[in-house]
Amino acid sequence: MQETEQMNQTGGLNLSDLNVTAYEAAVIAQNETGGTVLGVRLKQVNGTPGYEVLVANESGNVTGVVVDATEAGVIQTQENIAQLNQTVLEQQGISVSDISGAVSAIETARQEVGDEFVPIEVSIEAEPNFTGQQVTFVSPNATQAVVVDLTNETVVQVSDVTPVRGAEAQATETEQANATTQAAMTDADAAAARQDDGTQGCCVGDDELSHGFGDASEYVSPTLTGFEDNVFAEDDEFDTADAYGPFTGVEDNEDEGLFDGEGEEEEEAEGFVGEEDEDGWF
């Protein structure tokens, strides 16, 4: 407890304090809006951890939903913060209804990683003839990413496992095995609970991040060898700094560069999730 309080005082985010995964956040935002979830990112505002979730309706209008990462409630909803890039969709011969979204992408990607990995962020990217999402998973000792094609729900690439920084990266095989067993037990308990109450789901369970996860700044972004650098947005960007992105900005939006791909990339932070944002949500 003392260690966690120290981290929070310095702005760090201990993933063990979270009770909500990116999958849960995506489901909550989808149910709140009835749309298709495009992106999910974890950060802090005034010390409160939350997931910013982008959801598109059938017309391509994007709504932002902030989901509390500890209590699974909606903090706020902001409509018309961006538009899906219709030019990109037309070039690929698809519409919003052809995109499966983050909920399905996480369910597909989950089958490619070990039981100890939990979904923590989802980024989206459009390139010529390809629209996909990168699902980033964390375990107590590592990160891993899976890219899913959103038009056919197939896995395009699975990254290597990337160890976290510091002492956690030096964990022994026994410690890693114990963490894997503990996470698997958590998954089994969550599955049993869903079966008991008649609901279905994936990658969701109470306290799923509470077993041995450390400070978010210790986690390192996995490398995807099949894609160029910075294809998938990182840190505080929902879009990469190129002209062929999945979003277009909305006129008079103060943070238009966040979505239209024309803004400068923000400097990469020490960790890739959970950074404190002084500018607030979205």
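The structure is a predicted model, in which local features need pLDDT of at least 70 and side-chain atom pairs count only at pLDDT 80 or more, while totals for chains, interfaces and linings use all residues. Residues are numbered from 1 along each chain as its sequence is written, and side-chain values use heavy atoms, with hydrogens and water left out.

**Overall make-up**

- The protein chain holds six helices and 11 strands, taken as DSSP runs numbered from the N terminus (helices H or I, at least four residues; strands E, at least two).
- Of its 282 residues, 53% count as buried, where buried means under 20% relative accessible area, exposed over 50% and partly exposed in between (1.4 Å probe, protein chains only).
- Among contacts (heavy atoms within 4.5 Å) with a separation of 6 or more, 62% link residues 24 or more positions apart.

**Packing of α2 and α4**

- Two packed helices are described by the angle between their axes and the distance between the axes.
- Helix α2 (residues 22-33) packs with helix α4 (residues 102-110) at an angle of about 155°, and their axes lie 9 Å apart; this makes α2 roughly antiparallel to α4.
- Axes are lines fitted to C-alpha atoms, for helices over the stretch in contact, with angles from 0 to 180 degrees between N-to-C directions; under 35 degrees counts as roughly parallel, over 145 as roughly antiparallel, 65 to 115 as roughly perpendicular and the rest as oblique.
- On the α2 side, A22, Y23, A26, V27 and Q30 meet V103, I106 and E107 of α4; the residues of this contact comprise six nonpolar, one polar and one charged.
- Ala, Val, Leu, Ile, Met, Phe, Trp, Tyr, Cys and Pro count as nonpolar, Asp, Glu, Lys and Arg as charged, and the others, Gly among them, as polar.

**α4 and A109**

- Eight of the nine residues of α4 are buried, so this helix is largely enclosed by the rest of the structure.
- A109, located in α4, is buried with a relative accessible area of 0%.
- Leaving aside residues up to four places away in sequence, A109 touches V135, F137, V146 and V148.

**Strands around β4**

- Strands β3 (residues 61-68) and β4 (residues 74-84) run antiparallel and are joined by six bridges; strands pair if DSSP finds at least two bridges between them.
- Five residues separate β3 from β4 in a hairpin, and A72 in the turn has a positive phi of about 60°.
- β4 also runs antiparallel to β10 (residues 247-248), with two bridges.
- Q83 of β4 stands opposite N61 and has T248 as its bridge partner in β10.
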